[in-house]
Amino acid sequence: MIENKKNKTILNKFTNLKTWDLKWLISDHKLKAIKTNLNIQKNVIKALIYRELKTRISKVRFGVFGLFIQPLGVITVFLFIFSFLRGIRNDIDTALFLTVGVIFFTLFYEIAIRSLNSMQANEALFFYKPVKPIDTVIARTIVETCLYSIVLIIITAGIFFLKEIWTLDQVFIVTSSYLTLSLFSFNFGLLLMVAGHKYPIIKQIMPLLNRPLWFTSGIFFSINQIPPGIRGFFSWNPILQSIELARNGFTENYIIDPSIISYRYLIWISLFSTCISYWIYTRNEKFLLTR
Amino acid sequence: MIKVEKISKSYYIEGKKSIIFRDVSFEINKGETVALLGRNGSGKSTLLRILGGVDYPDSGSIKKSGSISWPVGLIGGFQGSLSARENVTFVSRIYCEGNKSRVNKKVKFVEEFAEIGEYFDKPFKTYSTGMRARVTFGLSMAFDFDTYLIDEVTAAGDVNFRNKSKKALLEKKRNSDFIIVDHNMFGLEFDCNKAFILDNGKIREYDDLEEAIKIYKRLFD
């Protein structure tokens, strides 16, 4: 009997521990406030996603198909050039090689570079107090990540079907490098948004840097084709890292040098940029909204 | 209740500082309706934006209790490339906590209030001023706030719309307060308890609207 009671009290202690633990960390009404704030943000982001999808898909002339035109165009042009100048790759299918490069870069471009003007483009939204600048970037990141993952899946499926090949060795590596790049793009976009608002000259400089970035991100070459002396310099680019990793994920024939291309670097730079961008954003949120 | 203490606000336009308010303080109690008077560019819209929490003063503090609407005006708040329906749906989604049937109800309310027919599904930038006023005002009337901030919307529009908006305002006035900017002295028919005249970065408070209008006319005519 007595032992049973003892057990019960111990059990009670354990079950109470959960609520007690939280209360010790944070007061109840504060927790409630955080919960409602998160709920508001969730609704705002949802509404923004609907809106973004609407403008994104109806703005491009051919609707959803418009999304495919740009990457397919670039891929075709380079396939054409490659077939004349360089010959066909023997480690990975050339079309697949280009598809990964083009779509990964477009993902980065659509999220990060386009965030530069998002304060101006979304001015009408900030009339409603619950809408914060970071929400527009989050919504855009979610929309672009989903749209381009669909584009990537459909184009790769098309290549597999037409060429009758199946090279998908490590789905996890492809997916995770895609998602990590999208996280990095979000952070970069958030930083650009604050920077562009603070120093308008960045809006004029960024388009100039855009071309060099395109040429150094490994869209139409692999890092192994670069002279070894400057490989290290190129490898700082997270876009190139994710592209190379994803190609390796598609087929293990595509060899990457672990001392230059590593998933660990990609993860670390994404997490590091998350901290930096979030810190800078929270410090400047009021400034962004003040006119 | 809104309590404003010593707020200052200035803009930098092409590197030059122009002061909108300097150490402005006032208090609006529950159950009071305020008319804001002042010349174009005297800072009426800026004041409403600050009260609505979508802009911040350079210094000073604002204490608010109860919910406050967004600054309902002809400029801002609506995306030109989207239709009124899409804009209204967006705002409703934010303020309805993701409740779908409530969102649909709000959209229907605004559509019926605005009475702009098929234009409700056309891009907002193609609308005339009167049509914009109908939609923006209708949207604000779809929600219940403790305080409404209304910026010259009631001045636009035809007789039919003005009668309709007046009716809607009177109905809301039972439970809510209003801060109204108006040039056409709409507030005169709408018995405001207080009037503020904004002039040269200062606010003058009057308890009698008619008196305030007299002074306002003397000041600027």
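At 44% relative accessibility, Asp23(B) counts as partly exposed. Here buried means under 20% relative accessible area, exposed means over 50%, and partly exposed lies in between (1.4 Å probe, protein chains only). Asp23(B) sits in strand E2 (residues 16-28) of chain B. Helices (H or I, at least four residues) and strands (E, at least two) are DSSP runs, numbered from the N terminus. The model is predicted: local features need pLDDT of at least 70, side-chain atom pairs count only at pLDDT 80 or more, and totals for chains, interfaces and linings use all residues. Residues are numbered from 1 along each chain as its sequence is written, chains are lettered from A and ligands numbered from 1 in the order in which they are written, and side-chain values use heavy atoms, with hydrogens and water left out.

Most residues other than glycine have a negative phi. Glu115(B) likewise has a positive phi of about 50° and is not a glycine. Glu115(B) is placed in the loop between helix H3 (100-114) and helix H4 (129-141) of chain B. With a relative accessible area of 46%, Glu115(B) is partly exposed.

Glu115(B) also takes part in a network of salt bridges, together with Arg134(B), Asp158(B) and Lys164(B). A salt bridge is a side-chain nitrogen of Lys or Arg within 4 Å of a carboxyl oxygen of Asp or Glu. Elsewhere in chain B, Asp55(B) and Arg49(B) form a salt bridge, with the closest N and O atoms 2.9 Å apart. Both Asp55(B) and Arg49(B) are buried.

Strand E3 (residues 33-38) of chain B is largely enclosed by the rest of the structure, because six of its six residues are buried. Thr33(B), Ala35(B) and Leu37(B) point one way from E3(B). Val34(B), Leu36(B) and Gly38(B) point the other way. Two pairings involve this strand. Two strands pair if DSSP finds at least two bridges between them. E3(B) pairs in the parallel sense with strand E7 (residues 177-181) of chain B, over four bridges. Within E7(B), Val181(B) stands opposite Leu36(B). E3(B) also pairs in the parallel sense with strand E8 (residues 194-199) of chain B, over five bridges. Ala195(B) in E8(B) is the bridge partner of Ala35(B).

The surface of chain B carries a patch of negative charge. Asp207(B), Asp208(B), Glu210(B) and Glu211(B) gather there. Patches are made of residues with over 30% relative accessible area and no salt bridge; like charges are joined within 9 Å, and nonpolar side chains (Val, Leu, Ile, Met, Phe, Trp, Tyr) within 5 Å. Lys and Arg count as positive and Asp and Glu as negative, while His and the chain ends are not counted. The place of a charge is taken as NZ of Lys, CZ of Arg, CG of Asp or CD of Glu. Asp208(B) belongs to the loop between strand E9 (202-206) and helix H7 (209-220) of chain B. Its relative accessible area is 38%, so Asp208(B) is partly exposed.

Chain A has eleven helices and zero strands. Of its 291 residues, 45% are buried. A nonpolar patch on the surface is formed by Val77(A), Phe80(A), Ile81(A), Phe84(A) and Leu85(A), with about 570 Å² of accessible area together. Accessible areas come from the Shrake-Rupley method with a 1.4 Å probe; for residues, only the protein chains shown count as cover. Ile81(A) lies in helix H3 (residues 66-85) of chain A. Ile81(A) is partly exposed at 33% relative accessible area.

Over all chains, the salt bridge count comes to 19. In one of them, the side chains of Asp93(A) and Lys163(A) meet at 3.2 Å, N to O. Asp93(A) lies in the loop between H3 and helix H4 (94-111) of chain A and Lys163(A) in helix H6 (residues 133-163) of chain A, so the pair ties together parts that are 70 residues apart in sequence. Asp93(A) is buried at 18% relative accessibility, whereas Lys163(A) is partly exposed at 43%. Glu144(A) and Arg114(A) form another salt bridge, with the closest N and O atoms 3.8 Å apart. Glu144(A) is buried, with a relative accessible area of 0%.
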